[in-house]
Amino acid sequence: NQVTDVFSVHVMSDEAMKQDGYLHILDGTIDTAYLELVKSIRLYPKATTTIKTVFTPLHGTSAELGSRLLKECGYPFEAVQEQMVHDPSFSTVKSPNPENPAAFEHAIQLGKKVDADLLIATDPDADRLGVAVKHQGEYVLLTGNQTGAILIRYLLEEKKKLGLLPQKGVVFNTVVTSNLGAKIARSFGFEVISTLTGFKYIGEQARFLEGTDKTFFFGYEESYGYVVNDGVRDKDSLQAMALAIEAANFYWNQEHKTLVDVLEDIYETYGNYREDLVNIELAGMEGKKRIDAIMEYFRQHSPKNVAGFDIVATEDYEKRVRQEGQNTTALVLPISNVLKFFLSDGSWFVLRPSGTEPKLKVYIGVVGVTGEAALSTIAKIKSEVKAIIDTVVI
């Protein structure tokens, strides 16, 4: 039997669809409402900003709203004009990624020319933010973990002074984010929740807090994504930009410290945390098989000792279990092909196949007696984990 569906096509004009409620045109009011939300996260909106910022959208979407935000906040800035142009080829950069130091080449040139205190770069879709700080005459690029720790500390300390801390605040990070921001948050009595990699999981957690007595306070991940006001359920470079500039201005004017000085203060108070990321490129079907084999090898043959420290616990997010000695506990995170190993000194490393590129990512987080000791431990972990990976055959 053959069934024939007959469709009646009725063509409506744009005007008719508007009248019937099928078509809604977003105008500038949505931009204004969004910028008001962003500006609301500032703690000292009436403070005069004396530091100068260089801003680049890296040919991306924040060119207009980013510039408008800076002007409306009263932040003195110079834009990298050749990168204010919407260019899908990103012709002035090797990589339009603020995680890549090469993305700051033009910003550094302009920064030196105008004697800027801060360099701000947003990625093309304006959700991630990179920060470089003028310190002792040179521009120092902050990592996502470092920027996150600075912003958490600024928000917590200053909101406490202003009487604005929520009773039950929650800070969100991911399983590959540094422990530093979490330690700062917990020192203020805040809860810290770690999600899988991907900001969608932090946005999901914001929704879970609705209707509870807990308050979303801050969310971030090591890959340069931050959100303060969860009216945006994704990482938001303009929120991070507004807060980073305000924090830099505050610390310079109140304490005559750059954000690098502030970071050193944080290390002195909370510990010398350092992080690294190793990308192992394994292309094609053979690469995919090798990545699978490496993950399975580490599942079946978990190392007992790395860099001179015992492995005291493992978390397998695919099997959703944590193993610590003889104790096995369930993990509540979604299933993901990720393994995390915890060392007895508080360090850790994570193996995670990239979801978008033919790579195996190895994340490393360390805390040391000194910064140099932490970097030494990172080098040892990197070397020993890489040596194990090299022995795995398909």
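This is a predicted model: local features need pLDDT of at least 70, side-chain atom pairs count only at pLDDT 80 or more; totals for chains, interfaces and linings use all residues.
Stop 1: Select the five strands in the order E2-E1-E3-E4-E5. Together they form an open sheet with mixed pairing. Now colour strand E2 (77-79) and strand E5 (138-141). Both stand at the edges with a single partner strand each, so one side of each has no neighbour in the sheet. Turn the view to look along the strands. On average, neighbouring strands of this sheet are turned by 25° against each other, direction ignored.

Stop 2: Zoom in on strand E4, residues 129-135, beside E5. How many bridges join E4 and E5? There are four, and the pairing is antiparallel.

**Stop 3: the largest core.** Select Leu118, Phe218 and Met241. These residues have the most contacts inside the largest nonpolar core, which has 58 residues. Which helix gives the most to this core? Select helix H8, residues 237-255, which contributes eleven residues.

Stay with Phe218 and show its surroundings. Leaving out residues up to four places away in sequence, Phe218 touches residues including Leu151, Ile152, Leu155, Phe172 and Tyr226. Gly148 and Val228 are also among its contacts.

**Stop 4: the second core.** Finish with Met295, Phe349, Leu360 and Val385. They are among the 26 residues of a second, separate core.

Technical notes. Residues are numbered from 1 along each chain as its sequence is written. Side-chain values use heavy atoms; hydrogens and water are left out. Two strands pair if DSSP finds at least two bridges between them. Helices (H or I, at least four residues) and strands (E, at least two) are DSSP runs, numbered from the N terminus. Axes are lines fitted to C-alpha atoms, for helices over the stretch in contact, and angles run from 0 to 180 degrees between N-to-C directions. A nonpolar core is a set of buried Ala, Val, Leu, Ile, Met, Phe, Trp, Tyr and Cys residues joined through side-chain atoms within 4.5 Å. Buried means under 20% relative accessible area, exposed over 50%, partly exposed in between (1.4 Å probe, protein chains only). Contact means heavy atoms within 4.5 Å.
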